[in-house]
Amino acid sequence: MIPLTIFTTVLVIISFIIDRKKTIKGIQKGLKQFFKILPTLLSVIIIISIVLFFVSDKFLMEYLGKEAGLGAYVSAAAIGSVSLLPGFVAYPLAGILVQSGVSYSVIAVFITTLMMVGILTIPIEARYFGLKTTIIRNALSFIGAITVGTVMAFIYYLT
Amino acid sequence: MKAFLKKHKFDFPIILVFVLFIGSSFYFNYNPGKQIFEDNFWMFFKEMLIILPVIFILIGLFDVWIPKEQIQKHIGEASGIKGMFLVMLLAFVQAGPLYAAFPVAYLLWKKGCSPVNIFIYISAFTTAKIPMLTFEIGFLGLKFSLLRILITIPVFILIGIIMGRYFKRNNCKISEG
């Protein structure tokens, strides 16, 4: 995150030196877009915060754990598609799950759906792409994520 | 203003109810409410406020400085494999949550990037951002990360091609948000 901020600051300064007016116009344009989408972002992160309250580590362990069998894959795909977690939370969590006996292949399904499919962020995506395109993209990504998870599961099973 | 309120007709009620809920949770010491706010909401809120303004400023600068012809030439309709490679590279070096990719997609589209490349960009963004890879390797190991990325890349190129075709055939548009 810090590199991106430094990079942006440097760019803004250079841009400002070259053309003051253009720079201000650009920043205004960008921030205007930000404030336009902000209410949707806020309401989506509110919903995600509430959903995540019910998806605790213990809950995940129960549904993704050793005893869950094939159901673990289904749960992993379902939970992964609905939730949205920043990487710095998702990976440590996945690490804990692996250490407590959840298999790598279940984690693969969980991580890929978590990243590629975002059911709760559909309201944001639809603002840009329209609802239909958004739903098709998420459905395709879901199939894609399941495919990746299955191939990974197969490789882990073989090795 | 009216159009703005109408566009967010679901958002403002949700925000209002949440503010009231969290306010009263703290007032009455209701633990689940406090936990939702402190453990979850605050984390997302911080991430949003730290990353998004920076990304939107970059988008704004990009918008005024980079001419459309440049984008069209490098990642437009006729850019082929090279174009795909460039958008993937652009996605890999970025940071931030999935919803940070959509405004960038809008900008790219406005500047003449091909639909296929836009969807490859979005999928690549979700899959393999370099800043996040260090985390993944640290917690799940190099083998896991490498396997996942190698298997995912062909899958998301395919998704990009299918989505791009659908997008063009239906004359879809990307709006400003």
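**Chains A and B in a predicted model**

Chain A of this predicted model averages a pLDDT of 89, and 97% of its residues score at least 70.

Q: In chain A, in which helix is confidence highest?
A: Confidence in chain A is lowest in helix H3 (residues 57–64), at a mean of 83. At the other end, with a mean of 94, is helix H7 (residues 122–129) of chain A.

Q: Which helix of chain B gives the most residues to the side that touches chain A?
A: The contact between the chains involves 65 residues of chain A and 63 residues of chain B. Helices that give two or more residues to this side of chain B include H2 (11–27), H3 (31–65) and H9 (142–169). The one that gives the most, with 23 residues, is H3(B).

Q: Into how many nonpolar, polar and charged residues does the side of chain B that touches chain A divide?
A: This side of chain B has 63 residues in contact with chain A. Six of the residues are charged and ten are polar. The nonpolar residues number 47.

Q: How far apart do the C-alpha centres of domain 1 and domain 2 of chain B lie?
A: The domain assignment places domain 1 of chain B at 1–65 and domain 2 at 67–177. Their C-alpha centres lie apart by 26 Å.

Q: How many nonpolar residues are on the side of domain 1 of chain B that touches domain 2 of chain B?
A: Seven residues of domain 2 of chain B are in contact with eight residues of domain 1. On the domain 1 side, two residues are charged and no residues are polar. The nonpolar residues there number six.

Technical notes: Residues numbered from 1 in each chain as written. Chains lettered and ligands numbered in written order. Predicted model: local features only at pLDDT ≥ 70, side-chain atom pairs only at ≥ 80, totals over all residues. Domains from an automatic or database assignment. Contact = placed C-beta atoms within 7 Å. Nonpolar A, V, L, I, M, F, W, Y, C, P; charged D, E, K, R; others polar. Helix = DSSP H or I, 4+ residues; strand = E, 2+ residues; numbered from the N terminus. pLDDT = per-residue confidence, 0-100.
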